Amino acid sequence: MNIPHDSAHKHVSGQSVYIDDIQVNSQLLIGRIVYSKCAHGKIKTLDLEAAKKLQGVHAVLCYKDIPGANQMGPVIHDEPCLAADEVICVGQAIVLIAAETEEIAIAAEKLIRIEYEEQEAILNLRTAIAKNSLLAPARTMKRGDADAALKKAKHILKGELETGAQEHWYLETQSCLCVPGEQQEITAYSSTQHPSETQAIIAEVLGVGKNEIVVETRRMGGGFGGKETQGNWAAAWSALLCNATKRPVKIRLFRDDDQIITGKRHPYLIQYEVGFDDVGKISALKFEQHADGGCATDLSLAILERAMLHADSSYFIANMEVIGKAYKTNLPSNTAFRGFGGPQGMAGMESVIDRIARFLKKDAVDVRKINFYGIDKDNITHYGQEVELNRLDTMYEQLMKSSDYRSRRKAVDEFNSKNEFYKKRISFNACKIWYIVYYVVFKSGRCFGKYL
Amino acid sequence: MQQTISFVLDDKIQTLAFNEQLSPTTTVLNYLRNSPVHKGVKEGCAEGDCGACTVAIGELGADGKLHYHAIDSCLVFLPMLNGKQLITVENLMQRGGGEEILHPVQKEMVECNGSQCGYCTPGIVMSIFSLYKTENNPTKEIIEDSLTGNLCRCTGYKPIIEAAAKACVNNGVDFFTKNEKHIIGLLTQIKKDSQSVDIETKKQKYFQPKTKAEALELRDKKPNSILISGATDVALRVTKRHDLLEEIIDLSHIEELKKCTRTDYVIKFGAGMSLEEVKKVSKNELPALNEALTVFGSKQIRTLATFGGNLGSGSPIGDTLPVLMAYNADIKLQSVNEERIVNMNNYVLSYRVTARKPNELITKVIIPKPVAGTIVKFYKVSKRKDLDISTVSAGFSLLIEKNKVSAITLAYGGMAAITKRVAKAEAFLMGNEWTRENVEQAMELIAGDFTPISDARSGAEFRSVAAKNLLLKFWNETHH
Ligand SMILES: Cc1cc2nc3c(=O)[nH]c(=O)nc-3n(C[C@H](O)[C@H](O)[C@H](O)COP(=O)(O)OP(=O)(O)OC[C@H]3O[C@@H](n4cnc5c(N)ncnc54)[C@H](O)[C@@H]3O)c2cc1C
Ligand code: FES
Ligand code: FES
């Protein structure tokens with residue numbers, strides 16, 4: 001018998017209360033975000049007068065109305081809360097509206113006039129690379145001398161892997177309800193993965209002490225990284241509206257707006273050069289990882305580092321060099337997403353192994369096996385950490401047996417040779433989930449491979 | 001004529017009048033969420049894609065019994081509930097002696113760990129509930145089909161499917177069964193007094209005729225009004241574009257349009273039949289139509305969406321169009337003083353423009369039973385199998401006699417502004433042998449008939465390659 005989820009009874013009977021389900025008094029106002037339709041440009045005109053006059057509208061705010069700092073970057077302060085004179089992506093918030101109903105807020109939005117002077121926009125990673133539009137200096141991790149080892153290698157392959165963006169699609173869109181308290185106090189009921197940061201950002205934007213702000217996160221209808229930093233936005237925006245009107249204000253993004261406004265998983269372009277011998281043992285490997293960070297830093301650098309730290313997947317490579325670069329583009333700032341860069345880093349390595357196997361006409365399983373981290377030797381990663389309690393070989397043996405891999409591989413090969421149009425595939429991949437250095441407090445330094 | 005509508009909710013008849021505060025195009029989802037006791041129902045997308053808003057509808061059938069269906073409440077306008085029972089997740093749990101007693105579906109969802117963040121859960125529970133009421137010991141395929149309209153980003157579905165399998169074992173018996181008599185009594189009472197609905201508020205008019213004759217009269221007087229049948233297309237104008245729909249004729253309550261009749265040669269489908277119903281009816285005799293509807297939207301969407309609505313939009317990516325062309329179907333169009341038959345091949349004239357005159361309604365879809373030996377197939381290329389719009393679709397039919405192609409239709413959706421046949425390829429194959437060489441030559445001719453577009457779903461090049469390869473696939477599945 002499973003141990004039931006603590007809230008399961010409430011979930012299944014519709015009794016769990018998410019942000020939009022909280023009962024609020026009749027003073028409640030609905031918040032709406034007016035965002036940029038231009039990927040990069042100067043704001044030429046911003047006319048809010050007609051919207052302010054509409055009956056039922058209680059606040060129409062732009063960056064000038066922010067009492068504290070116009071800033072909500074979680075690590076680097078490069079993210080305006082509301083665009084000032086420049087917009088840097090489609091979806092960037094420019095104006096906030098608080099109105100008595102959703103219909104009135106939508107009607108008010110239609111009365112707002114914004115004109116842009118369009119500027120050249122970088123809309124994909126390859127353009128960003130060509131323009132060297134870096135968010136921060138490149139990072140390097142290396143061990144040994146990859147260049148020298150490449151020269152000595154019997155075989156060399158070069159290539160690249162492109163991984164795409166991904167929408168979080170948490171079922172509950174970004175939401176926050178702010179309720180005013182005494183004087184400057186605000187209680188924010190927020191669907192955030194990081195309540196203490198949400199508290200700090202609200203306080204900064206309002207220019208008040210953190211002690212004035214209480215953030216309550218009862219439950220979240222999914223986050224998957226999408227509400228790790230970007231949950232702050234709806235919170236900061238509704239807090240501004242709440243502060244301006246001294247009434248409760250709720251923001252619950254429509255799905256379409258949420259998808260336009262918020263960042264995705266980071267797309268990567270991973271370039272590699274690998275040297276190996278006749279059995280597929282890798283002696284040298286150079287990776288250059290390029291990440292599309294979007295229009296602001298957000299968590300891009302931590303995610304980049306995690307991708308670099310996962311570039312080895314589960315393999316010991318004596319001479320390895322990983323260069324990581326995160327680029328600024330004119331897309332919504334890409335952000336945390338399950339795995340936080342790890343999947344992209346590992347995908348690069350696993351695709352290198354597959355290339356080698358194809359080149360040598362070997363089963364990739366065998367190439368994986370001979371490159372695994374060792375127990376007593378070859379057990380130091382490219383960033384100098386010792387791989388402890390390594391059970392890779394044991395798991396490999398067990399899974400090869402329990403999955404009956406060899407005979408299934410044979411059947412797949414046979415099927416494929418007989419069928420022109422229908423193909424089957426079987427694969428055996430390594431995967432490392434390594435809780436490491438990006439937050440010292442999370443450091444645990446255990447390696448566990450998981451085979452799928 | 002009546003100005004109000006009535007339905008059963010929480011075991012009581014609710015009668016609603018419409019006004020400035022309550023628009024007739026209020027969705028059932030928004031109506032429920034505005035009530036303090038029905039916040040279990042959730043909005044995840046407001047466009048029929050996620051199922052978080054799923055509720056169940058109880059309908060009194062001609063057999064005098066209650067039939068339960070799951071639907072997306074975000075796409076249903078309140079008046080469409082007229083005469084029905086609305087069941088929400090809150091109604092599934094009973095309270096007694098200070099205790100909360102879960103429905104078997106809810107109980108299994110708890111025990112199998114079917115919820116994580118819980119946001120999709122009420123919708124999932126309602127989909128499984130309607131499965132519980134209609135199927136006993138459903139196969140995995142049936143379970144999955146009934147969950148195609150529900151997204152869950154947390155669980156990976158396995159525990160949910162397991163919960164459904166464990167729950168649906170009681171022949172549908174539950175406390176709703178005990179209460180059925182009472183509900184049937186209430187619904188009969190609503191029906192007994194019911195007339196056609198004529199709602200007028202300051203900004204909107206909403207008509208819900210009960211007979212075809214009335215509908216035709218209305219349409220004749222108001223040829224510019226907006227017709228709705230299942231509203232799965234039209235509702236998006238309200239939920240996504242926030243349009244005000246000023247004048248609506250709602251065809252969802254006309255029983256005559258929901259009938260299916262047959263002769264030895266043809267099957268006649270009422271234009272108001274739900275696509276879920278059409279799917280069932282077509283299972284044995286029209287397998288390609290059945291296949292098209294298997295991958296059409298989700299079960300919730302098919303339960304609402306109608307044949308008339310799919311043809312009404314005349315969209316080049318409407319999934320029934322290519323398959324109806326392959327079956328050489330006819331459409332019956334009717335106005336107050338005329339009725340006429342238009343063949344599918346002459347029905348769509350240009351992008352979303354059809355042969356239907358403003359005062360006409362689609363009343364029937366007439367499909368001839370294929371000549372013995374004819375093979376008809378439907379293919380849909382989309383980014384995922386379920387709940388996706390076609391990137392390219394195809395309806396093909398083929399008859400081979402004495403080793404030669406003696407009849408062939410190759411109709412494509414998604415390749416042009418209208419659903420279109422490839423005349424050159426058809427002409428080339430007619431009278432020729434059905435060989436790979438000939439088919440490959442015909443594939444080259446397809447390119448000449450189309451200049452597909454690039455859009456969010458795919459690039460033009462992908463569309464061209466897919467269209468050609470579908471023909472090869474057809475050959476691969478039909479040659480001997
Ligand atoms: C989530 C989702 C998934 C979908 N998936 C698919 C899919 O897989 N394949 C696909 O083809 N479509 C799909 N659709 C589109 C839509 O559901 C279908 O086109 C459906 O058949 C429309 O039927 P309806 O009865 O709901 O139409 P409505 O919205 O009621 O009407 C659609 C149009 O037809 C007209 N109309 C309706 N009935 C008549 C009539 N009797 N006479 C004349 N005109 C009429 C209306 O005026 C309107 O213009 C999807 C929609 C959604 C929201
Ligand atoms: S809210 Fe997503 S299907 Fe209705
Ligand atoms: S439990 Fe979170 S989406 Fe299903």
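The crossing of α11(A) and α12(A) is left-handed; a crossing counts as left-handed if the near helix is turned anticlockwise from the far one by less than a right angle, and as right-handed if clockwise. Helices here are DSSP runs of H or I with at least four residues, strands are E runs of at least two, and both are numbered from the N terminus.

A word on conventions. This is a predicted model, where local features need pLDDT of at least 70 and side-chain atom pairs count only at pLDDT 80 or more, while totals for chains, interfaces and linings use all residues. Residues are numbered from 1 along each chain as its sequence is written, chains are lettered from A and ligands numbered from 1 in the order in which they are written, and side-chain values use heavy atoms, with hydrogens and water left out.

Back to that pair in chain A. Helix α11 covers residues 364-371 and helix α12 residues 392-402; their axes come within 11 Å and cross at roughly 160 degrees. That makes α11(A) roughly antiparallel to α12(A). Axes are lines fitted to C-alpha atoms, for helices over the stretch in contact, and angles run from 0 to 180 degrees between N-to-C directions. Under 35 degrees counts as roughly parallel, over 145 as roughly antiparallel, 65 to 115 as roughly perpendicular, and the rest as oblique.

Now chain B. Helices α16 (436-449) and α17 (460-478) pack at about 155 degrees, axes 9 Å apart, and are therefore roughly antiparallel. Their crossing is right-handed. Helices α3 (104-111) and α6 (158-167) of chain B pack at about 140 degrees with axes 8 Å apart, so α3(B) and α6(B) are oblique to each other. The crossing of α3(B) and α6(B) is right-handed.

Next, the ligand. Ligand 1 is surrounded by 34 residues, each with a heavy atom within 4 Å of it. The closest are B:Ser229, B:Gly230, B:Thr232, B:Thr306 and B:Asp319. By class, the shell has 15 nonpolar, twelve polar and seven charged residues; Ala, Val, Leu, Ile, Met, Phe, Trp, Tyr, Cys and Pro count as nonpolar, Asp, Glu, Lys and Arg as charged, and the others, Gly among them, as polar. α13(B) gives the most to this shell, with five residues.

Which polar side-chain atom lies 2.5 Å from an oxygen atom of ligand 1? One belonging to B:Thr232. A polar side-chain atom of B:Asn310 lies 2.9 Å from a ligand oxygen atom.

Conventions. A polar contact is a pair of N or O atoms within 3.5 Å; within protein, one must be able to donate a hydrogen and the other to accept it, and residues adjacent in sequence count only if both atoms are side-chain atoms.
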